Amino acid sequence: MYKVSLKKNIEAEVEFKDSNILLNGSDFDWNISKTSKDKFQITKDGKKLNAEVIGYERESKVVEIKINNQIYNVSVKDKMDQLLQKMGITNLSNSTIKDVKAPMPGLIHDILVETGQEVKKGDQLMILEAMKMENVLKSPGAGTIASIDVSKGDSVEKNQILIKF
């Protein structure tokens, strides 16, 4: 089941069951046909609507749709998103990172960044050798490196702080 929000005050539950679509638990009888890559024609109760997907923000799960020249931003939340929200764990992508810790004991094989360097989420920071394998540690988010608390060749323990932002 998905929760779909058009605005903060307009929310619906959408569920796909066999070949049917349920909207708030009831059958939603409509016909949709693709007219081109991102364009669709929707027919509901004899009314035709032209729809176009303008954009999709993967991280926030927001789809920008134009229906009959009116633009809507639609938020889509799956079961996992709903569970995380219920637990109070939201906006993880917007959280600021403070440090990077060693995920396991090992040896610092190489350091790929410098103090003061700006990094983006996913940038390679250092290589940790553990159990005869090289593990590339990547940045969990964007930030500027304040300090590197280890040196090449150092042995580290699990959860030891390696880099501070």
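Tutor: Strand E2 (residues 10-17) and strand E3 (residues 20-23) pair in the antiparallel sense over 4 bridges. Strands here are DSSP runs of at least two residues, numbered from the N terminus, while helices need at least four; two strands pair if DSSP finds at least two bridges between them. This is a predicted model, in which local features need pLDDT of at least 70 and side-chain atom pairs count only at pLDDT 80 or more, whereas totals for chains, interfaces and linings use all residues. Residues are numbered from 1 along each chain as its sequence is written, and side-chain values use heavy atoms, with hydrogens and water left out.

Most residues other than glycine have a negative phi.

A positive phi is also found in two loops. Asp45, in the loop between strand E6 (39-44) and strand E7 (47-57), has a phi of about 55° although it is not a glycine. Asp45 is exposed, at 66% relative accessible area; exposed means over 50%, buried under 20%, and partly exposed in between, with a 1.4 Å probe and protein chains only. Asn69 lies in the loop between strand E8 (62-67) and strand E9 (70-77), is likewise not a glycine, and has a phi of about 65°. Its relative accessibility of 68% makes Asn69 exposed.

Ser139 sits in the loop between strand E14 (133-138) and strand E15 (143-144), but is buried at 4% relative accessibility. Its side chain reaches the backbone oxygen of Gly141 at 2.4 Å. Beyond its neighbours within four places in sequence, Ser139 is in contact (heavy atoms within 4.5 Å) with residues including Ile97, Val119, Leu125 and Phe165.

Leu125 leads on to the core. The largest nonpolar core has 14 residues, and Leu125 is among those with the most contacts inside it, along with Ile108, Met126, Val156, Leu162 and Ile163. Such a core is a set of buried Ala, Val, Leu, Ile, Met, Phe, Trp, Tyr and Cys residues joined through side-chain atoms within 4.5 Å. Strand E13 (124-130) and strand E18 (161-164) each give two or more residues to this core, with E13 giving the most, 3 residues. Leaving aside neighbours within four places in sequence, Ile163 is in contact with Leu125 and Met126, and also with Val100, Val113, Ile145 and Ile148, among others.

Definitions and conventions:
A polar contact is a pair of N or O atoms within 3.5 Å; within protein, one must be able to donate a hydrogen and the other to accept it, and residues adjacent in sequence count only if both atoms are side-chain atoms.
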